[in-house]
Amino acid sequence: MDWTRPINAYCERLGPEFWAEPVNAVTNGAFLIAALFAWLLWRRRAPGDAGVLFLVVVVAVVGIGSFLFHTFANRWSALADVVPIAVFIYAYFFLAMRRILGLGLGWSIGATLAFLAASYGVAPQLSGVLGSSAGYAPAALAIFGVAALAARRCPPASAPLALAGTVFVISLAFRMSDIPFCPSFPLGTHFVWHCLNALVLYLLIRILVLFAPLARAAEPGGARGG
C-alpha cells in the first residue's frame, strides 16, 4: 500500500499542495483550544482524575492528527486523523458506562466492546445515505442513548448529554454538506465540523468532570462497585 498516495476528499482542496486546505487546516486549532479549556477544568475540578486527563490529551491529538490530514492529505495522515477520534469515542463510552450509568468494570467493558462491534456493523449500512460520515452516526446515537439512560442513573447529566448530541448532529450536517454545497460555496463547510466537533468534545469532558461525581455520590455508600 502506498501510504503517501494523495487523498482529495474535501471541497476546499484544489491540489496536492501542503496548504491547499488552509481553512480546514487552521480550524483544527479549535481542538487545541477545547483541550486547553478542558485541561483548565480538569486542573481546577478533578486534578487526580487520570481518565479525564487521558481524554483531554486525546482531544489535543485529534487536532494534531486532523491538521496533518488536511495538509499532507494522504493515507498515513488519514490514519492520524481517524484513529485518535476512534480512541476518544470508545474511551469516553467506557467512562460513561462506569461513571454516569454506574456499571461495574466487567459490564462496562462488555458494553464498550458491544458498541464497538455494533458501530462497525452499522456504519457500512448507513454509508449509502451518510457517505463518509456514516462512521460517526453510532457515536451520535450512543450520546442520545446514554442521555436517556442517565435520566434515571445520573439526572443532572442527561440534558447536557442531549445538548452535546444535538450539537454533534448539527456538526455532522455541516460535514455531510461539504461536497454537495461545493459548487455554490467553494470554501466548503468542513471547517464548521471542526469547530462544532471541538465544542462537542469539550462538552462531553465537562459532563464527566461536573456530573459524574454526582452519580457516584447518589449510590449506596457514595461509590460504585467494581
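Me: What should I know about the model before reading it?

Reply: This is a predicted model, in which local features need pLDDT of at least 70 and side-chain atom pairs count only at pLDDT 80 or more, while totals for chains, interfaces and linings use all residues. Residues are numbered from 1 along each chain as its sequence is written, and side-chain values use heavy atoms, with hydrogens and water left out.

Me: How many helices and strands does the protein chain have?

Reply: Helices (H or I, at least four residues) and strands (E, at least two) are DSSP runs, numbered from the N terminus. The protein chain here has eight helices and zero strands.

Me: What radius of gyration does the protein chain have?

Reply: The radius of gyration is taken over C-alpha atoms, and the globule rule is 2.2 Å times the number of residues to the power 0.38. For 226 residues, a compact globule would have a radius near 17 Å, and the 18 Å of the protein chain agrees with this. Along the principal axes, the C-alpha atoms fill a box of roughly 60 × 40 × 35 Å.

Me: How is a cavity defined, and how many does the structure hold?

Reply: On a 1 Å grid over the protein atoms alone, a cavity is a set of points where a 1.4 Å probe fits but cannot get out; lining residues have an atom within 4 Å of a point. Grid points are joined across faces, edges and corners, and a volume is the space filled by probe spheres set on the points. The structure holds two cavities of 30 Å³ or more.

Me: Which residues line the largest cavity?

Reply: Its lining has 20 residues, of which Phe-88, Ile-89, Ala-139, Ile-143 and Leu-204 lie nearest the centre. Helix 4 gives the largest share, six residues. The lining of the largest cavity has 19 nonpolar residues, one polar and no charged.

Me: How does the lining of the second largest cavity divide?

Reply: That lining has six nonpolar, four polar and two charged residues. Among them are Asp-81, Arg-175 and Trp-193. The charged end of Arg-175 also sits over the ring of Trp-193, 5.5 Å from its centre (the rule asks for NZ of Lys or CZ of Arg within 6 Å of the ring centre and within 35 degrees of the ring normal).

Me: How is a pair of aromatic rings described?

Reply: It is described by the distance of the centres and the angle of the planes. Rings of Phe, Tyr and Trp (its six-membered ring) pair if their centres lie within 6.5 Å; planes under 30 degrees apart count as stacked, over 60 as edge-to-face and the rest as tilted. The count comes to eleven aromatic pairs. The rings of Trp-19 and Phe-67 are edge-to-face because their centres are 6.0 Å apart and their planes stand at 70°. Trp-19 lies in the segment before helix 1 (22–26) and Phe-67 in helix 3, 48 residues apart.

How values were computed. On a 1 Å grid over the protein atoms alone, a cavity is a set of points where a 1.4 Å probe fits but cannot get out, and a pocket is an open set with protein on both sides within 12 Å along at least five of seven lines; lining residues have an atom within 4 Å of a point. Ala, Val, Leu, Ile, Met, Phe, Trp, Tyr, Cys and Pro count as nonpolar, Asp, Glu, Lys and Arg as charged, and the others, Gly among them, as polar.
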